[in-house]
Amino acid sequence: MDRAAAAYEKIRSRFPEHFVTNLRLGKYYAGKGRYKKAKECISSASRVNSRDPEMLECLKEINTRLIAEYKEMISRQAAGTEDYIELAWCYLQNEENEAGIACLTGVTPDMKNETGYHSVLERLYFAAGMPEKSEEEGNAWIQSIRREEPSLSEEEKLRVPERIAAAYYIMGRAWMQTGQQDEHALKLLETSIAFYDQNADTYLQKALLLNRMKLSREAREACDRLLELEPENFWGYVNRMEALLALKDGQGVIHDFYEARKIFAAYPPLYEMTAEVFDSTGQYEDVLDIMKQAESAEISTPKLSFSACAHAAGWQRQEPTRNRFWMTQLLFLPNWKAIRKMVKSGRRFTRNLPVCRIIWATEKQRLRISTELWQRITGLFLNG
């Protein structure tokens, strides 16, 4: 072992979950052909940050090497149950779900390995979009956990509720992705929370599901709990905005817009939902401000552009100076390409049609609009 690797091992002995240390050691051992040791280090890193691109790339390469090793062992009939389970994990992490299911077909686990066997199979069936089988394996996993519980250490027993919660969480996710058994999925997620209420992602999935079910008050409560656990969770704010919008809590939507924007500004629905709040209360200058913020974040969507059209079409009751102000903003709005796309796709426009004709023009043509034509256009809007 070279000096750098020895230094990292020393750090790892003191800080076993240190992300960079585990990542560097994983790469080191992979380079030496010690793929099982490399996998151990990378797995520790993934528990800290499961979405890091460098870590995921390294994990995929290690799994590819391990798959070849395990397949070679199987061909020699030298593989045990644990090897089959580890091979299935490699397939799962490399998104080769059908291969993972196939490799465990015909394998009968003993008591020592049954929890690992059912745990990875539940995940494989979930990833493969097979909720019935995922739930079946999830229940088998829970039963195996209960069977092994008496033999566990006191420290391991403390983690039993969390493991059972994980099984119910995966079952709920498996049914969620079908979009057909929402009430059943919700019950499974709530059961997961009953066993272990510290998993922020369970509350996030519950909020997503409740918003889909139009149960906005409950969705907001799920987001409240999520943000208690993880105050910087971007998706917690996004989903709470959706719930608050449905509950007509405009102030709440605006508050969460600015909180979410601090974390990640380039997400179009943030601006769309906030513009909708201001639009519903007639705060047109604020709508324009949101559009300008979207522009600064390089966001242009048909919904934001259509909002501008809708304003221009519905301002008969506004004073002429405000109409002229909004028409000016509309003519030079950077989102005109999005509206052109909507027109091209066959969307129907009624009062908005004159605006779309302007936007359909080229930039130079729009700049050359004459005073006479301007008066004709504004007359169409002011007089209906």
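Me: Is the crossing of H11 and H12 left-handed or right-handed?
Reply: The crossing of H11 and H12 is left-handed, a term used if the near helix is turned anticlockwise from the far one by less than a right angle. This is a predicted model, in which local features need pLDDT of at least 70 and side-chain atom pairs count only at pLDDT 80 or more, while totals for chains, interfaces and linings use all residues. Residues are numbered from 1 along each chain as its sequence is written, and side-chain values use heavy atoms, with hydrogens and water left out.

Me: At what angle do the axes of H11 and H12 cross?
Reply: The axes of helix H11 (residues 182–195) and helix H12 (residues 200–212) cross at roughly 155° and come within 10 Å; helices are DSSP runs (H or I, at least four residues) numbered from the N terminus, and axes are lines fitted to C-alpha atoms over the stretch in contact, with angles from 0 to 180 degrees between N-to-C directions. That makes H11 roughly antiparallel to H12, the word for angles over 145 degrees.

Me: And which residues of H11 and H12 make the contact?
Reply: H11 uses Asp182, Ala185, Leu186, Leu189, Glu190, Ser192 and Ile193, and H12 uses Thr202, Tyr203, Gln205, Lys206, Leu209, Leu210 and Arg212, where contact means heavy atoms within 4.5 Å.

Me: Switching topic, how many residues has the largest nonpolar core?
Reply: The largest nonpolar core has 35 residues, and those with the most contacts inside it are Ile42, Met55, Ile62, Leu104, Val120 and Leu124. Such a core is a set of buried (under 20% relative accessible area, 1.4 Å probe, protein chains only) Ala, Val, Leu, Ile, Met, Phe, Trp, Tyr and Cys residues joined through side-chain atoms within 4.5 Å. Helices H2 (19–31), H3 (35–48), H4 (53–75), H5 (81–93), H6 (97–104) and H7 (114–127) each supply at least two residues of this core, and H4 gives the most, with 8 residues.

Me: What is Leu104 in contact with?
Reply: Leaving aside neighbours within four places in sequence, Leu104 is in contact with Tyr84, Ile85, Ala88, Tyr117, Val120, Leu121 and Leu124.

Me: How do H5 and H6 cross?
Reply: The axes of H5 and H6 come within 8 Å and cross at roughly 170°, and the two helices are therefore roughly antiparallel to each other.

Me: Last one, does Gln251 count as buried or exposed?
Reply: Gln251, which lies in helix H15 (residues 250–263), counts as exposed because of its 59% relative accessibility, the cut-off being over 50%. Gln251 and Thr274 are 23 residues apart in sequence and 9.6 Å apart in space, C-alpha to C-alpha.

Terms used. Parallel < 35°, antiparallel > 145°, perpendicular 65-115°, else oblique.
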